[in-house]
Amino acid sequence: MRAYVLIALWDARPGLGGYTVADAITFCFLSQAFIGPMQMFGGGLALSERIRTGDIAFDLVRPASLLAWAMADDLGRAAYLTLLRSVPPTLVGAFLFGVVAPAQPGFFALSFALGVSVSFAWRYLVALSACWIIDDKGTQTLSSVLTIFFSGMILPLTLFPGWLGTLANASPFAAMVQVPADIYLGARSAAGGLAFQAFWAAVLLGAGALLTRRARRKVVIQGG
C-alpha cells in the first residue's frame, strides 16, 4: 500500500526530492527492511528491565564492559533479523514492483552496519535512563516517535522543508534510514555519508560509556 501511495505521489510530482519513481519505491522497501535490524520502533534491549528488577547487578560484575556486552548481543539480534525479517520482504517487493540495484554494494553494507550501531547506541542511552527515572516507558515512547519521524522512515527527509529538513538531516536518526538508503541509491556521497554515521556512532557510544560509569554509582540493588 505504501509503495502504491509513493508511486501516485511521484507520478504527480516527477523527480520529487531528487528521486525517480523507481528510487522512491526502492526507498520504501529499504526503509521497511531496516525496521527489524535497526529496531525502528524502539526497544530490543533488556537493559531497562534488568535495571528495574535488579538483575543488572549480575551484569555489572561480569568481566566485560556492559556497553560492549549489550552491543554484541544487539548486533547478533540485528544479523538474525536481517536474514529473517529484511531480506524476504525486500525480495517480494523487488519481484512485485522492481527495485534499483545498489550503486555501491560494499559501501552500502558498511553504511548499514553503521546504521545498526547508531541505532543501538541511541537505544542503549534510552534504556540506561532507567537508572535515573522510575519508569522509562515515557522515554521509550518519545524515542520511538523521534526515531520514526526524523529517520526517514515515514517519508524521505529530502521532502522535509526548510529548517525542519536541516534539523532532520543533521540528527543521528538520519544515520539509521536516510543515509544508508541514499548510499544504496547513489544519491549521496558514500564518503560523506559514512563519515556522518561514524561521527554519530562515536558520539553516542562515547556518551553511553560515560553514562554507564555514572550509572554504576547511581543504581541501587535491593539487599545489596
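**Figure 1. Packing of helix 2 against helix 5.** Axes are lines fitted to C-alpha atoms, for helices over the stretch in contact, and angles run from 0 to 180 degrees between N-to-C directions. In this predicted model, helix 2 comprises residues 21-34 and helix 5 comprises residues 66-96, and the two pack at an angle of about 160° with their axes 8 Å apart. Because angles over 145 degrees count as roughly antiparallel, helix 2 is described as roughly antiparallel to helix 5. Their crossing is right-handed. On the side of helix 2, the contact is formed by Phe29, Gln32 and Ala33; helix 5 contributes Arg85, Ser86, Pro89, Thr90 and Gly93. Sorted by class, the residues of this contact comprise three nonpolar, four polar and one charged.

**Figure 2. Packing of helix 1 against helix 2.** Helix 1 spans residues 2-12 and packs against helix 2 at an angle of about 155°, the axes lying 9 Å apart. Helix 1 is therefore roughly antiparallel to helix 2. The crossing of these two helices is right-handed. From helix 1, the residues in contact are Arg2, Ala3, Leu6, Ile7 and Trp10. From helix 2, they are Val21, Ala24, Ile25, Cys28, Phe29, Ser31 and Gln32. The classes represented in the contact of helix 1 with helix 2 are nine nonpolar, two polar and one charged. Phe29 and Gln32 of helix 2 take part in this contact and also in the contact with helix 5.

**Figure 3. The salt bridge between Asp74 and Arg77.** The structure contains three salt bridges, one of which joins Arg77 to Asp74. The closest N and O atoms of this pair are 2.9 Å apart. Both residues belong to helix 5, and because they are three residues apart there, about one helical turn separates them. Arg77 has a relative accessible area of 17% and is therefore buried, the limit for that class being under 20%. Asp74 is likewise buried, with a relative accessible area of 0%.

**Figure 4. The surroundings of Asp182.** Asp182 is found in helix 9, which consists of residues 178-185. Its side chain meets that of Arg188 in a salt bridge, with a distance of 3.3 Å from N to O. Asp182 counts as buried, at 3% relative accessibility, whereas Arg188 is partly exposed, with a relative accessible area of 26%. When residues up to four places away in sequence are not counted, Asp182 touches Tyr19, Ala187 and Arg188. Arg188 is thus listed among the contacts of Asp182 and is also the partner of Asp182 in the salt bridge, contact meaning heavy atoms within 4.5 Å.

How values were computed
Residues numbered from 1 in each chain as written. Predicted model: local features only at pLDDT ≥ 70, side-chain atom pairs only at ≥ 80, totals over all residues. Heavy atoms only, no water. Helix = DSSP H or I, 4+ residues; strand = E, 2+ residues; numbered from the N terminus. Parallel < 35°, antiparallel > 145°, perpendicular 65-115°, else oblique. Left-handed = near helix turned anticlockwise from the far one by under 90°. Nonpolar A, V, L, I, M, F, W, Y, C, P; charged D, E, K, R; others polar. Salt bridge = Lys/Arg side-chain N within 4 Å of Asp/Glu carboxyl O. Buried < 20%, exposed > 50% of the residue type's maximum accessible area, 1.4 Å probe, protein only.
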